[in-house]
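Colleague: I'd like to learn how to read the contacts between two chains. Could you walk me through it with the picture open?

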2 protein chains.
Amino acid sequence: MDSEQFRKFGYEFVDWVADYFAEVGDYPVRSRVKPGEIKERLPAKAPQAGEPLETIFRDFKEIILPGMTHWQHPGWFAYFPANNSPESVLAELLTAGMGAQCMIWQTSPAATELEEVVMEWLRDMLGLPAGMAGVLQDTASTATLCAILTAREAASGFEANKKGVKQPLVVYASQEAHSSVDKAVKIAGYGKEYLRHIPVDENYALIPKKLEEAIVADKKAGLVPACVVSSLGTTSSAAFDPLEEIGQICRRHNIWLHVDAAFAGTAAILEEKRWMLQGAEYIDSFVFNPHKWMFTNFDCSAYFVRNPDLLVKTFEIHPEYLKTAADTQVKNYRDWGVQLGRRFRALKLWFVIRSYGVEGLQSMVREHLRLAQLFKSWVDEEARFEVMAPVNLSLVCFRFNDGRPEPELHNKNKELLEKINATGSVYLTHTTLKGKYVMRMAIGSRLTEEKHVRQAWELIQKMAKEI
Amino acid sequence: MDSEQFRKFGYEFVDWVADYFAEVGDYPVRSRVKPGEIKERLPAKAPQAGEPLETIFRDFKEIILPGMTHWQHPGWFAYFPANNSPESVLAELLTAGMGAQCMIWQTSPAATELEEVVMEWLRDMLGLPAGMAGVLQDTASTATLCAILTAREAASGFEANKKGVKQPLVVYASQEAHSSVDKAVKIAGYGKEYLRHIPVDENYALIPKKLEEAIVADKKAGLVPACVVSSLGTTSSAAFDPLEEIGQICRRHNIWLHVDAAFAGTAAILEEKRWMLQGAEYIDSFVFNPHKWMFTNFDCSAYFVRNPDLLVKTFEIHPEYLKTAADTQVKNYRDWGVQLGRRFRALKLWFVIRSYGVEGLQSMVREHLRLAQLFKSWVDEEARFEVMAPVNLSLVCFRFNDGRPEPELHNKNKELLEKINATGSVYLTHTTLKGKYVMRMAIGSRLTEEKHVRQAWELIQKMAKEI
């Protein structure tokens, strides 16, 4: 493809994305294809000869697009949002165009140093302790794995890296903690029998007393408590573990404190939500995802640590072929995580933070919080619905409840959710809270306005009449 | 930013990328900035108010760009290439625009099914066994970690996931294997004392006899051999371990065989290089990076397994909030690797394979192989230089040698490499082979033509006269 063709298709693709942003609300949010339907339409073998880009682009629109679930849809209320933004998409174009692999300082100094800078910006925007250092990871799963590995090394005096996990080490997280904790505990070789799921209170927050009891019992049994994962904004209900109390327990017992604030962390840019970081001085590591609620397209996960030396010591490798003259003077982020190869993620984050400004980001997050309270007030007013968890942020957990027995309610809510989603206008997902089937209304898409939330509620009410 | 602004900046950025492709050869390949120089030019705090995109784009060009090392430069001979291509960059624009997070089938069926299809294409293009199933990972580091974890579970009967690594498990790789093996062994909790670096022969290939001796000795000592990592194309010299012999040993001792073909794998699309996969029937898992030599921009790493059930069983998680009605009928790739969240990487790979066609990719790879042989012939002809390893693919390891003692040669070559790179016309990196400092001429950038290789060689000779 020559330069003129690239320009031609480039403009055409830019137009397509511009139209997509404008019209994404017209698609069914959740794809309606059946399993296997897309695959059936694709040839089993790669083409021998090259094909014109017109043909590939046509197939993209005709075959692929109907199989997409539209995460940027204003009716997106599923899981948590994974927002992009025009500014972030444009920056990603530059990143892809340069195609730099930013594993070490030397292979693109600007990528390393811009990452240092935007991570300091983020740290200060959230009000994390000034001494913390940051690195961009792909996902919170990876960042939490990094934390659990560093905790393993800290607890074993770096012996686990050498000899494996000889003495049983224990990780603690609430019953509501994200599945990535379970996954990381397995990967890191603790063994999932050494993951304690600590009970939660009526607000789905970890009970500190239960945590300390578990720690004491494990110590008595000769086990070594290594890591506590505290959730700020759980996946099911955006519950907040009491950070300060947990931090004091960790300090008392000399245990690594990792904080998973994957979704909720962004809200800490608001003064009025800063309470969530009360106790931040106890944090050893912290993750939140700008790719969720900070309008920076996936993937972009921000990981902060109090002591980067421990992180580096956990991961560092020194093959001859990666040594450079600058090594003693610079950060080589290859040693700050699992992967050697790294994309230039800081660029899109820099574009987003600068183009919105802190105030712009704050006002968007505030609006989502307002919409969630509004939705909650509607649910509260409607006799046949109930709110199922505190609405701390922009997630409302609720269910249909007309007074029938619990097992029937379970099925009715499941049926209702499927009917709602089948309309294609909105997409909500579910969870269970204390065994009850609950719908999750996760507000936070960039394009979601009050009218979309209102339409969603009207639709939910309408469908509830039909079940 | 409204739709018109997005179009305006979109066109402008497309033009910038088009110009960048055309002019990338005019930049110094390796950035000339000093440590800290970029950071100094960036404000310490995020802006409160949003800034115009013009300003950000101007800063990108004035501050960031001089700090970039240009991986797409035709004079890029460092490490291995990390190629992009116009087609891949355009596809990435669509991916970023849609902003779909493809963790499970339901969250974008087309992403999952297209991934299945392109992985089948790749498997057949390389001539891997028909039964193997594939998944896209970010990097070979992650894929190798997946392999070493699955091997851990297979060897322990899935007990390590439950109880940690109780009985010592052992991993084997050559002395020339990539550092990601060392990293994965630490992460997975084997302990690096249980990684055996098997000696290599005069071609830097693992010696099978030494491998089997080590296995037998470990078994005798009561240890459990769990995994052999065989390198096809090592990082230092693109050496090939003898796959078939290693495979037979693994079969004999019931050990997981992982193949790291991160760079070299792409060459298996050529009939004349298919010898590298002799013994492929023994492979349990295999990784190669389309983001290196297959013109698909970073990151995009292809991981194949013989038995996906073992992979899934190693990683699977079943939180309520991720359950969908389709789960029993579809692949949920979240359980095929470390991360939960996943980008839509298959799209760019699909664009690349279709637009080049298998023949187009073959001819580009063949040309790089030809250029490497040409470069090698020049080095062979020049008395003061010597080739230091077999040129199996497109990497030439060589050094200056005018007959002075070894310690002086080490320093002279180091000095020479620094002088060559300081010109900004080319970028080569180094390694050590049998303790000798060696320059690596890794040919394989999309824009590299014979004239660039010739200019590089002229420059190297010229600089050698000046040291």
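Colleague: In which hand does helix 4 of chain A cross helix 4 of chain B?

Modeller: A crossing is left-handed if the near helix is turned anticlockwise from the far one by less than a right angle, and right-handed if clockwise. Here helix 4 of chain A passes helix 4 of chain B in a right-handed crossing. This is a predicted model, where local features need pLDDT of at least 70, side-chain atom pairs count only at pLDDT 80 or more, and totals for chains, interfaces and linings use all residues. Residues are numbered from 1 along each chain as its sequence is written, while chains are lettered from A and ligands numbered from 1 in the order in which they are written.

Colleague: At what angle do helix 4 of chain A and helix 4 of chain B pack?

Modeller: About 155°, with the axes 9 Å apart. Angles over 145 degrees count as roughly antiparallel, so these two helices are roughly antiparallel to each other.

Colleague: Which residues in helix 4 of chain A meet helix 4 of chain B?

Modeller: Contact is when C-beta atoms, placed from the backbone, lie within 7 Å. A:V89, A:E92, A:L93, A:A96 and A:G97 meet B:V89, B:E92, B:L93, B:A96 and B:G97.

Colleague: And where is A:Y321 placed?

Modeller: In the loop between helix 12 (308-315) and helix 13 (346-381) of chain A. A residue is buried with 20 or more other C-beta atoms within 10 Å of its own, exposed with 12 or fewer, and partly exposed in between. A:Y321 has 19, so that residue is partly exposed. Leaving aside neighbours within four places in sequence, A:Y321 is in contact with B:T235, B:S236, B:T429 and B:T431.

Conventions. Axes are lines fitted to C-alpha atoms, for helices over the stretch in contact, and angles run from 0 to 180 degrees between N-to-C directions. Helices (H or I, at least four residues) and strands (E, at least two) are DSSP runs, numbered from the N terminus. Angles under 35 degrees count as roughly parallel, over 145 as roughly antiparallel, 65 to 115 as roughly perpendicular and the rest as oblique. Two residues are in contact if their C-beta atoms, placed from the backbone, lie within 7 Å.
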